[in-house]
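Open the model in your viewer and keep the selection panel at hand. This tour goes stop by stop, saying what to select and what is there.

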Amino acid sequence: MHHCLLDPHIYHNILQFARLHFPVQDADPFQGFHQYCDINPTLLSLAVTCKAFLEPTLNILWCSQISLAPIVRTLPDGVLMKSILDWDPSGEPRYILTPLRPPLASEWTRFDYYARRIQKLGFYPVEFPENEVTNMEAPNRPQGHRYSVHPRVVLHLCISRGQRVLLPNLTHLRWNFRDADCTELLPMFFGPKLTFLAISFGTPPQTKGADIVKRTLNSIVDCCPSITDLEIPSSHPDPVVEAAIEWAFHCRRLEGFYLNTAGGMPIPLLHRLAEEPSLRRLRLSMDEEVAEQDMKLMRECIRPPFPALQKLWIVFDQSLAPCSELIRIMGSCALHTLEIIVHFSVPPAELEELFAALQDHCAPHTLQVLEIMTPLDEKFVRENEGTPEGQFHLGNLDPVLLFPNIRRFRLELQIFFEFDNNDIMTIADCWPLLTDLRLASYGFFLPTEITWAGFAYHVYKCPQLELLCLAWNATTEDVALVTSLPDFRPNRALRFLWASDSILGESPEHYAECLFAVAPLVHSVSGHVHEDTRRDMIAQVNPVSFYTQVETVLWQLRRTHMREEFGFLDEYKWMTLAFTRGNLLGDRKTYPSRSRPRDALSGDFL
């Protein structure tokens, strides 16, 4: 063995790279950075290579666990019974672990050997910070969990355990819907090192469950004062919300507070949060009545509010104006994430004002995620004539194009988009690190001037792009302008394509061939087609049938041109996995003409 591998710092760095290796990425193009995975064969191989590698590799392997199933399975035979719970759509069984008897005092040795290595429970081994909201809900998805633990197993462990906590070195805990029946036992995971607690059941808990959550939150300050970050992304009854707010008032060092509330935050709490010097993560909810009062309160602060804030999620009732004002009041900031939900339509002028505020006050190299969303209004097209004042063009984006590290950019707005090839190429040149671009989830609402050349250039210049939402004219034949460039390389990361209200031709084969030339591993294509009854532009193509044929042709092209590179499954198995692992842009058969794509990570509607 080379001497450098015996240096713990060098080997630890090597393990950090090995941690990012996905199990069958080299043999299955479905795998990639867009998916969550709890298996890493590279680390498993390193752990059994030699004794010098064993301990540090096990620490990385066991550091993050999505559930209790792996650690529970370390108990001896006779303690648990494994039985088939159901079958997933690909034909693989899913199991449930039920207790046979409590473990004896002498049967905890192997459990303790691994339990001390677990630092994060409810977390996948690799979660990227730009996918923060999706990371919150990922453990609630049923896909990918082969083993489930019956609540009585946790009860038996807590009763027979000779210590106050089950996992002594736990620092991060996500309590999701699989743990809901065990919420009374949640304090058994409140160790001395726990700093982060998230409670997300996906759906609001029943009255009994809400009471238990409330009591647990009321006890945190006394029984686990080390917690500095509380996250409750799912909706809960008012008593739970009130208990969370009470905790925020009494937390000694508040670093994160994400609370899903229907109304605005109490003024005293907002004042407390604004002056907290260590607050890094925050979700704000403001309604029109209190927004002005909130802004006045923060302007009167002795120091600029939220001095350490890095990730901000905001929900507004009426407009983006309070958000722009908040950015200006904050002064110099280092935001990493800014996600905004507005309940009414947003005109381009308000967007430009927000972008200008970010340009003036946000550090240029910190911002990586910028998302602005409004709900779908079916009356939008009928009530708007698309005047020049209502169009959104590249000039409106100029201020944020100066942020070179943008990785996720999402405009889910009902405005008229006016973009051409030069515009989409400029975006690619300014944001080469993009992994997720959704420029118009609802549609451009105007005949797009982007062609295959603009699409190809953008995909080529953003090699990490995994999900793209864009409208372009698919009848053009200029893709060779890009694919013939000397340094052109196909994008091997793009998996999910939402073609919005593109202009479609009559040849799915032409569409698939152009797409395969620039992004051969796209396996889910959806969208609708541009229509404008005012200009007598009625689509002659059924988009559902068209995109289904495109996916079929793509499959044949991969079988023909990439057979040696990928050991493909048979077609039936392939299509089954496409549904079970993804269906990530949704079920096309249920789409209305202006429907939205599904999130590429959670499957939820965007």
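## The whole chain

The protein chain exposes about 26,200 Å², and carbon and sulfur atoms supply 54% of that area. Accessible areas come from the Shrake-Rupley method with a 1.4 Å probe; for residues, only the protein chains shown count as cover. This is a predicted model: local features need pLDDT of at least 70, side-chain atom pairs count only at pLDDT 80 or more, and totals for chains, interfaces and linings use all residues. Residues are numbered from 1 along each chain as its sequence is written, and side-chain values use heavy atoms, with hydrogens and water left out.

Colour by secondary structure. The protein chain has 21 helices and 20 strands. These are DSSP runs, numbered from the N terminus: helices are H or I with at least four residues, strands are E with at least two.

Now colour by burial. Of the 606 residues, 56% count as buried. Buried means under 20% relative accessible area, exposed over 50%, and partly exposed in between (1.4 Å probe, protein chains only).

Contacts here are heavy atoms within 4.5 Å. Among contacts between residues at least 6 apart in sequence, 77% join residues at least 24 apart.

## Stop 1: α16 and α17

Select residues 421-430, helix α16. Its buried residues are N421, D423, I424, M425, I427 and A428. The cover over them includes α15 (394-397) and α17 (452-461).

Zoom to the start of α16. A side-chain oxygen of D420 comes within 3.2 Å of the backbone nitrogen of N422. For such a polar contact, the cut-off is a pair of N or O atoms within 3.5 Å; within protein, one must be able to donate a hydrogen and the other to accept it, and residues adjacent in sequence count only if both atoms are side-chain atoms.

How do the axes of α16 and α17 cross? They cross at roughly 0° and come within 9 Å. That makes α16 roughly parallel to α17. On the α16 side, the contact is made by N421, I424, M425, I427, A428 and D429. On the α17 side are A453, G454, Y457, H458 and K461.

Axes are lines fitted to C-alpha atoms, for helices over the stretch in contact, and angles run from 0 to 180 degrees between N-to-C directions. Angles under 35 degrees count as roughly parallel, over 145 as roughly antiparallel, 65 to 115 as roughly perpendicular and the rest as oblique.

## Stop 2: α12 and α13

Move to α12 and α13. Their axes come within 9 Å and cross at roughly 10°. So α12 is roughly parallel to α13. Show A321, C323, S324, I327 and R328 of α12.

A salt bridge is a side-chain nitrogen of Lys or Arg within 4 Å of a carboxyl oxygen of Asp or Glu. R328 lies in α12 (residues 321-330) and E353 in α13 (residues 348-361), 25 residues apart. R328 is partly exposed at 33% relative accessibility; E353 is partly exposed at 32%.

## Stop 3

Select E127 and R174. Their closest N and O atoms are 2.9 Å apart. E127 lies in the loop between β4 (120-121) and α6 (132-137), and R174 in strand β6 (residues 172-175), so the pair ties together parts 47 residues apart in sequence. R174 is buried, at 7% relative accessible area.

Next, select R410 and E412. Buried or partly exposed, which is R410? R410 is buried at 6% relative accessibility, and E412 is buried at 1%. Their side chains meet in a salt bridge of 3.0 Å, N to O.

## Stop 4

Select S285, in strand β10 (residues 281-286). S285 is buried at 5% relative accessibility. Leaving aside neighbours within four places in sequence, S285 contacts T261, A262, G263, G264, M265 and V315.

Most residues other than glycine have a negative phi. Look at F306: its phi is positive, near 50°. F306 sits in the loop between α11 (288-299) and β11 (311-316). F306 is buried, with a relative accessible area of 3%.

End at S500, in the loop between β19 (496-498) and α19 (508-518). Its phi is also positive, near 50°. S500 is buried at 0% relative accessibility.
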